[in-house]
Amino acid sequence: MSDLGQQAYIPYWTSTIVDFLLNESNESKSMSIMDIAKKTSIMAEDIIYALNTLGILKFVNGVYFISSERKLLVDLAKKHPVKEPRVDPSKLHWTPYLTDVKRDKFSLSSKKPSLQQD
């Protein structure tokens, strides 16, 4: 990602991650970067960058730790609020993208057989 793209995404990453830590961290005592990545759909590298930018990521003996008290997370949530409107996942209905095989000029079924035979 370009530097400009990264700068554009930082507010989204920080607000989403802080909101996630405030609302989801009570359910488990330990949480990995990959757990956050799976539940927020943010890449692990971007989570590390955002947490480091927020100042709550510690790196000790080759292991990352999120070191934050709840009060600090509440303060960060006020500083980086989640933008509205939020998407309600239950309202999303995904359907596969279908192409018309007869009109697809790149499909094998649309190619005419060669008439050259020896």
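D75 comes out as partly exposed because its relative accessibility is 36%; the classes are buried under 20% relative accessible area, exposed over 50%, and partly exposed in between, with a 1.4 Å probe and protein chains only. This is a predicted model, so local features need pLDDT of at least 70 and side-chain atom pairs count only at pLDDT 80 or more, while totals for chains, interfaces and linings use all residues. Residues are numbered from 1 along each chain as its sequence is written, and side-chain values use heavy atoms, with hydrogens and water left out.

D75 forms a salt bridge with K71, with 3.4 Å between the closest N and O atoms. The rule is a side-chain nitrogen of Lys or Arg within 4 Å of a carboxyl oxygen of Asp or Glu, and the count by this rule is one. K71 counts as exposed, at 59% relative accessibility. Both residues sit in helix α4, four residues apart, about one turn; helices here are DSSP runs of H or I, at least four residues, numbered from the N terminus.

Next, T14. Is T14 buried or exposed? Buried, at 2% relative accessibility. T14 lies in helix α1, residues 3-24, and a polar atom of its side chain is 3.1 Å from the backbone oxygen of P11. Leaving out residues up to four places away in sequence, T14 touches A50, L54 and H80, where contact means heavy atoms within 4.5 Å.

Methods. Helix = DSSP H or I, 4+ residues; strand = E, 2+ residues; numbered from the N terminus. Polar contact = N/O pair within 3.5 Å; in protein donor to acceptor, adjacent residues only side chain to side chain.
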